[in-house]
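Colleague: I am new to this one and would like to learn how to read a ligand site. Could you walk me through it?

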Amino acid sequence: MQVLAFVNQKGGCGKTTSAVHLAGAFARLGLRTLLVDLDPQAHATLSLSCAPAEGEPTVLDVLTGGARADAALFAAPGGVWLLPATIELARFEEESERVLQPERRLAAALEELAGIFDVVLLDCPPRVDGVLAKNALRACDTAVLVVETGAFALQGALKALVILEELERELEHPFDTRVLATLFDRRVAFMREVLVALELRFGAGLFDTVLRQHEALREAAALGAPIQVVDPASDACLDFDALAAELLSKRLVARASNTAVTSRV
Ligand SMILES: Nc1ncnc2c1ncn2[C@@H]1O[C@H](COP(=O)(O)OP(=O)(O)OP(=O)(O)O)[C@@H](O)[C@H]1O
Ligand SMILES: [Mg+2]
């Protein structure tokens with residue numbers, strides 16, 4: 001089971017969009033795919049039209065030990081499994097002060113799911129040094145640093161990399177860091193320059209696949225399903241298929257499990 005954390009301290013750079021539709025691409029390929037919403041904004045949960053009812057377990061209960069991970073799984077559209085969040089997840093930051101090694105909670109919970117899923121995608125909040133992102137980094141094999149091909153992209157990415165390296169040491173958990181360029185528009189000369197700068201700086205650390213801007217992705221978020229469900233023949237789907245294929249070919253994700261996924265749903 002390979003775990004990918006979608007991170008950046010910058011807000012609105014495409015973390016959730018990248019994680020949700022890449023999850024859709026893996027699920028379409030037949031991989032057992034879990035998306036974990038680690039953001040109190042709950043945008044990944046909303047993007048998959050899941051809204052846990054009052055009293056239903058969420059990722060907060062899993063982190064605080066109130067529920068097992070497999071009891072909190074939702075079957076989301078497109079064959080993706082979701083560990084949902086609500087705004088209540090914001091409480092974990094405060095509650096974690098009373099817990100020993102709170103940043104290890106997610107890793108421990110995911111261990112219970114090993115063998116059930118092939119790939120786990122973690123959608124992080126726009127903050128890398130909070131306890132939620134630390135849980136993601138402590139649990140992940142690969143940190144996917146999502147970089148919008150806009151102003152200050154390189155500077156922002158370099159700052160984020162420094163923080164990620166510090167956290168790798170602090171958490172005593174080595175992970176691979178890769179850069180994913182997104183929200184790209186080839187018609188904009190400035191964006192082409194940003195992409196060249198990212199290629200020069202990160203080399204093989206930058207994914208060959210660049211996620212382009214697609215209006216269909218904004219619509220998919222509103223419709224509450226992965227793009228593979230909303231518009232399976234779209235160009236946006238091609239981007240996520242290419243990224244999934246690249247992750248598989250680079251062995252950052254592997255097809256491994258034969259066990260059926262079960263849940264209370
Ligand atoms: N490739 C894309 N094409 C078109 N729109 C996109 C793309 N990626 C993201 N967006 C849009 O940009 C906005 C921000 O994207 P998203 O929510 O994925 O960012 P985020 O990094 O998760 O934000 P936050 O830091 O608040 O969690 C959303 O409105 C989303 O629909
Ligand atoms: Mg987000």
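**Reading the ligand site**

Modeller: Gladly! Keep in mind that this is a predicted model. Start with polar atom pairs: a polar side-chain atom of Lys15 is 2.7 Å from an oxygen atom of ligand 1.

Colleague: Which backbone atoms take part, those of Gly12 for instance?

Modeller: For a pair like this, look at N and O atoms within 3.5 Å of each other. Here a backbone N or O atom of Gly12 sits 3.0 Å from an oxygen atom of ligand 1, and a polar backbone atom of Arg212 is 2.9 Å from a nitrogen atom of the ligand. The protein covers 84% of the 630 Å² of accessible area that ligand 1 has on its own.

Colleague: Which residues come nearest to ligand 1?

Modeller: There are 18 residues around the ligand, and Lys15, Thr16, Thr17, Arg212 and His214 come nearest. By type, the shell divides into 4 nonpolar, 9 polar and 5 charged residues.

Colleague: Which helix gives the most to that shell?

Modeller: That is H1, with 3 residues. Helix H1 (15-28) and helix H9 (215-223) each supply at least two.

Colleague: And how do I read the pocket? What volume of space lies in the largest pocket?

Modeller: About 540 Å³. Its lining has 26 residues, with Gly12, Gly14, Thr17, Leu183 and Arg218 the closest to its centre. H1 provides the largest share of that lining, 6 residues. Ligand 1 takes up the space of this largest pocket.

Colleague: What about the second largest pocket?

Modeller: About 240 Å³ of space lies there, and its lining includes Pro52, Glu88 and Arg91.

Notes:
Residues numbered from 1 in each chain as written. Chains lettered and ligands numbered in written order. Predicted model: local features only at pLDDT ≥ 70, side-chain atom pairs only at ≥ 80, totals over all residues. Heavy atoms only, no water. Near = heavy atom within 4 Å. Polar contact = N/O pair within 3.5 Å; in protein donor to acceptor, adjacent residues only side chain to side chain. Areas by Shrake-Rupley, 256 points an atom, 1.4 Å probe, with all protein chains shown as cover. 1 Å grid on protein atoms, 1.4 Å probe; cavity = no way out; pocket = protein on both sides within 12 Å on 5 of 7 lines; lining within 4 Å. Sits in = over half its atoms within 2 Å of the grid points. Helix = DSSP H or I, 4+ residues; strand = E, 2+ residues; numbered from the N terminus. Nonpolar A, V, L, I, M, F, W, Y, C, P; charged D, E, K, R; others polar. Points joined across faces, edges and corners; volume = space filled by probe spheres on them.
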